[in-house]
Amino acid sequence: MKMITKRGIFLWILSGLFIVGLVFMTVSLVVNCDDWVMKRFNSHVYSDGELIGAGTIYDRDGEILVKTEDGDRVYADTAVTRKSTLHVVGDPKNFISTGVQSVYSAKLTGYDLLFGVYNIQRYGRGNDLTLTIDRDICDIAYEALDGRKGTIGVVNYKTGEIICSVSSPSYDVENVPDSLDTNPKYEGVYINRLLDAHYVPGSTFKLVTAICAIQNIPDIDSRTWECNGEYQPEKGVAIECNANHGSSINFKDALAKSCNAAFAQIAIELGQEKLSKTAKELGIGTPISVSGTINSYEGVFDFEENVTMSTDLLGWTGIGQGDTRIAPITMLRIVSSIANGGNAVSFNIVNSLANQAGKALNLSLPFNQTTLMDEAVANKMKEMMRYNVTEWYGENKYKGLNLCAKSGTAQIDEVDSHNIAWFTGFMDDDEHPYAFVVVIENGNSGSQTAGPVAKKVLNAIVEQEQ
């Protein structure tokens, strides 16, 4: 009798383990099936390592960026578009991990848990994806970079729709260079520089320091600072300025003239705790999510818990020349929030998904709004960035754009030509609510190198929408 009881208990345990294993396998199938199906050895989806069964990807105006034709992926009809949209669309072998062709591969093939990849077998291709980007604007942006390494991003700061995302270097997927993996010209070609590049922010970081100052120094507008061409902290090396701005430069002019001496003093007065708090609130150190599926480089702010930053390093950090590293899309989100009254809407690069019959399919695209700063702070920053253009960069250079902007020249070494040129901001215009960021490597001055590129792209957008 005891033997029967023990055997019964054993069988119950064995049955329980079987059920647990079955549940585990079922859950694993449901959760991981997309990844399993999209493995490169699946000949229904890939041929020679290249995706073949996906549907068509369109830009926002319905222009074809890539499609499946006779079992092959065929890209846009011009070499310029194939290059300008490469990092958004993705390459045939999915080396560009942020490309929608890689991120949305399962949806593009039409895979589902019940029918698998039946759509490919029946129709020869999967579902169609429409993006928010404009191929014509991307083409203009790519040509404006003129072969230089860097990136350009433009977003509607009201809706979060990215209409331009260009990264250089790029290449033509229909005519792949033989030296793609060996020529320094193509170094980092698979990196989407808008999302994944690690850049010193230079003077664009003064926007962060300025926001922190408005939040924490009540009389900041009535204060002045001395600049004799440098600022010598109590400890450490002197912080050089780009000019001698005199004995009484005010807050607004300090930002417009990008006075390192004034902003180093402001950063030191604020202290690392307050500056770090503001930087983190603005998203530095946190990935920026695009369409809820594509994440950017999170960024690094030079601050460690319970470690006191040296006075000179704090000053250098406040002017954007410390160890801080950010992705351009992080700065794009910051200026977008300034333009939008302190609120950052979620970024999106995907518009819609449809099956072969044109029926809309659910993508569950996120749309949320995060407050990065008080509206009063945003309005003050908007006023100052507008002043930068009217009184320093030159309103005549950006006529008709109602531009609010900040340039940056991140110094990498003693050679000016090795600088990273930044220009970021937005159009304060309800009819054209666009924020932008331009970064050019080895670009010398931000306003002189990246500014004209931004102007060309923004003018094209305005002309197109008139």
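The model is predicted: local features need pLDDT of at least 70, side-chain atom pairs count only at pLDDT 80 or more, and totals for chains, interfaces and linings use all residues. Residues are numbered from 1 along each chain as its sequence is written, and side-chain values use heavy atoms, with hydrogens and water left out.

**Asn 260**

- Asn 260 belongs to helix α11, residues 260-270; helices are DSSP runs of H or I with at least four residues, strands are runs of E with at least two, and both are numbered from the N terminus.
- Asn 260 is buried at a relative accessible area of 13%, where buried means under 20%, exposed over 50% and partly exposed in between (1.4 Å probe, protein chains only).
- Leaving aside residues up to four places away in sequence, Asn 260 touches residues including Ser 203, Lys 206, Cys 241 and Ile 319; contact means heavy atoms within 4.5 Å.
- A polar atom of the Asn 260 side chain lies 2.9 Å from the backbone oxygen of Glu 240.
- Gly 318 is 58 residues from Asn 260 in sequence, and the two are 8.7 Å apart in space, C-alpha to C-alpha.

**Helix α7**

- Helix α7 (residues 135-145) is largely enclosed by the rest of the structure, because 8 of its 11 residues are buried.
- Among the buried residues of α7 are Arg 135, Asp 139, Tyr 142 and Leu 145.
- The cover over the buried residues of α7 includes β4 (64-69), β21 (434-441) and α16 (446-465).
- At the start of α7, a side-chain oxygen of Asp 134 comes within 2.9 Å of the backbone nitrogen of Asp 136.
- Asp 146 follows α7 and has a positive phi, near 55°.

Terms used
A polar contact is a pair of N or O atoms within 3.5 Å; within protein, one must be able to donate a hydrogen and the other to accept it, and residues adjacent in sequence count only if both atoms are side-chain atoms.
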